[in-house]
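Reader: I would like a close look at the helix packing in this model. Please work through it in one connected account.

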Amino acid sequence: MAKPLISSSTTALAGSVRVPGDKSISHRALMLGALAVGESLVTGLLEGDDVLRTAACMRALGAEVERLPNGAWRLFGRGVGGLMEPANILDMGNSGTGARLLMGLVASHPFTCFFTGDGSLRSRPMRRVSDPLGRMGARFVSRDGGRLPLGVIGTDRPTPIVYETPVASAQVKSAILLAGLNTPGETTVIEREATRDHTELMLRNFGATVRVEAAEGGGRAITVVGFPELTGRSVVVPADPSSAAFPAVAALLVEGSEIRLTGVGINPLRTGLYQTLLEMGAAIAFENKREENSEWVADLVVRASRLKGVDVPASRAPSMIDEYPILAIAAAFAEGATHMRGLGELRVKESDRLAAMARGLAACGVAVEETQDTLIIHGTGRPPAGGATIATHFDHRIAMSFLVMGMASARPVTVDDAEAIDTSFPGFEALMNGLGGKIGAADL
Ligand code: S3P
C-alpha cells in the first residue's frame, strides 16, 4: 500500500545523528563474508530492504548468515567456488546492486540460478553485466531487452577476460571482478572514469590479490587474481554518505541549523556531492577523519548556508551519481543557475530520475531545463513555492529529496509514496523529525 508523506517548513535543525550503514559496502560485506572461509562479523550493516534481500540470497546460496542480538551480522562462508544452487528464484526486490553483483558471483559457478525483482528492477538494463559475463562463459535467458526475470546458467570452465566497461558503473566492474574470483588466471576490468572502489578495497581486506594500474589510453585497469583464499574478517560499515546527503542538505537550507553526522564514509570516489556543495558556498566541516577497514570516515558538521549556483562537470558524475536528486533540491534554493551534465545514467536508476526531478521541481515552482543528459536549475536565492504532490515512482531518493525540499519551501511538499525509503534509509522520517523536521502522514 502506498504511504504518502507531507513535509512542512520548520525552524533551525539541531542534533547529532548517525545515518544507516553504507548500502554499497553492506551488499559487498555479505557477499564476501559468504565466500570467505571461517567467521566474518559485520557491524553497522544497513538493514534496509535491498541489503536484507542480499542476506537472504547468500543464505539461499549456502552460506550461514545470522543477525546477532547485538545487531551485528555473523557469516560462515563457503569458500571461493563453494556456493550452492539455490532451490528457488532469487527475488532482489528493488536492488540493482544486489542483482548485478550476484549475477557476477554465480556466473562462474556450475549451476543455474534465476533472478527477479520488483517492477522497477524488472525494467532496468542487465545486458551491461550479462554481455561481459557471457564472454567469461556463462549463459543467460531473459525477457526482451535482457531484462529480469532472468536465468544465469553458470559455467564450470570460466575464462578470464580483459573488459573495458562502456558505461562508468561500479556494478558492472564489481560483477566481473566477483566472477573473476572463481576463474583461473587474471580477470581485468578497464574503466575510463573511476567508479566507487569498495569491491577492490574489501576484496583485498579478505585476502584477494587486486592490482590497480593506470590503463593505456587513460583510466584504470583493475585486475583480480583467480582462486584466492578468502578468510573471514570483521567489517565495520561506515554511515552511508549518500544517505547523509539528505539531512546535510536539509541543514544547509533551513535557516539557523547546525547538525553533526557521525561516522560518514568519505571514500573520495563517493564525495562528489560534498565537493559540489562546498563550491556552492556550503559550510561543511569534516572532523575526526580516520580509516576503518581501508575506508575513510569522518564526522560532518553542517551549518545553514546561502548557496550559489555552480557548473557541475560531467567528469564528476561517477562520484555523485546517486546524489543528483538531492543536489537538484539544493540548487533550487541557490542563487543563480546550476548546470549538471553527463546525467544519462540517471534515466536507468530506480526510476528515470532526471524526468522525476525535472517534473517535481517544475511543479514546485522552480525553473528547470532538461535535455537527454543535462539538467539546469535556475535558483533565485529565495525558497521555492513548493505546494505540490510529487510522484516518486517507488524511488527512495526521489521521495527523500522532495521531503527535504518541503522542510524549507514556502508551502509543504507531499510525496505520493514514501514506502521505497526503507530500501536504503530505514528510520528516515524519525531521524529527520528528531533533528527538528516536520514530516508526517498525508491524506491523498
Ligand atoms: C552502486 C553503484 C552505482 C550506484 C548504486 C550503487 C554500487 O550504480 O548508483 O546505487 O554499489 O556499486 P552504477 O554502477 O550502475 O552506476
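Reader: How are α9 and α10 oriented to each other, roughly parallel or roughly antiparallel?

Author: This is a predicted model, in which local features need pLDDT of at least 70 and side-chain atom pairs count only at pLDDT 80 or more, while totals for chains, interfaces and linings use all residues. Residues are numbered from 1 along each chain as its sequence is written, and side-chain values use heavy atoms, with hydrogens and water left out.

Helix α9 covers residues 272-279 and helix α10 covers residues 324-333; their axes are 11 Å apart, at an angle of about 10°. The two helices are therefore roughly parallel to each other (a label for angles under 35 degrees). Axes here are lines fitted to C-alpha atoms, for helices over the stretch in contact, with angles from 0 to 180 degrees between N-to-C directions. Helices are DSSP runs of H or I of at least four residues, strands are runs of E of at least two, and both are numbered from the N terminus.

From α9, L273, T276 and L277 make the contact, and from α10, I326, L327 and A330 (contact means heavy atoms within 4.5 Å). Sorted by class, this contact has five nonpolar residues, one polar and no charged. In this sorting Ala, Val, Leu, Ile, Met, Phe, Trp, Tyr, Cys and Pro are nonpolar, Asp, Glu, Lys and Arg are charged, and the others, Gly among them, are polar.

Helix α6 (residues 170-181) packs with α3 (residues 96-107): the axes come within 7 Å and cross at roughly 30°. That angle makes α3 roughly parallel to α6. The crossing of this pair is right-handed (the near helix is turned clockwise from the far one by less than a right angle). On the α3 side the contact is made by G96, T97, R100, L101, G104 and L105; on the α6 side, by Q171, S174, A175, L178 and A179. These residues divide into five nonpolar, five polar and one charged.

Helix α5 (residues 127-135) also packs with α6, at an angle of about 30° and with the axes 9 Å apart. That makes α5 roughly parallel to α6, and the crossing of α5 and α6 is right-handed. R128, V129, P132 and L133 of α5 meet Q171, V172, A175, I176 and A179 of α6. By class, the contact of α5 with α6 has seven nonpolar residues, one polar and one charged.

A backbone N or O atom of A170 lies 2.9 Å from an oxygen atom of the ligand. The side chain of S169 has an N or O atom 2.7 Å from a ligand oxygen atom. For D322, a polar side-chain atom is 2.7 Å from an oxygen atom of the ligand.

Two backbone details lie in strands. L148 and P149 are joined by a cis peptide bond with omega of about -5°, and P149 lies in strand β9 (residues 147-153). N288, although not a glycine, has a positive phi of about 55°; N288 is found in strand β16 (residues 283-292).

Definitions and conventions
Angles under 35 degrees count as roughly parallel, over 145 as roughly antiparallel, 65 to 115 as roughly perpendicular and the rest as oblique. A polar contact is a pair of N or O atoms within 3.5 Å; within protein, one must be able to donate a hydrogen and the other to accept it, and residues adjacent in sequence count only if both atoms are side-chain atoms.
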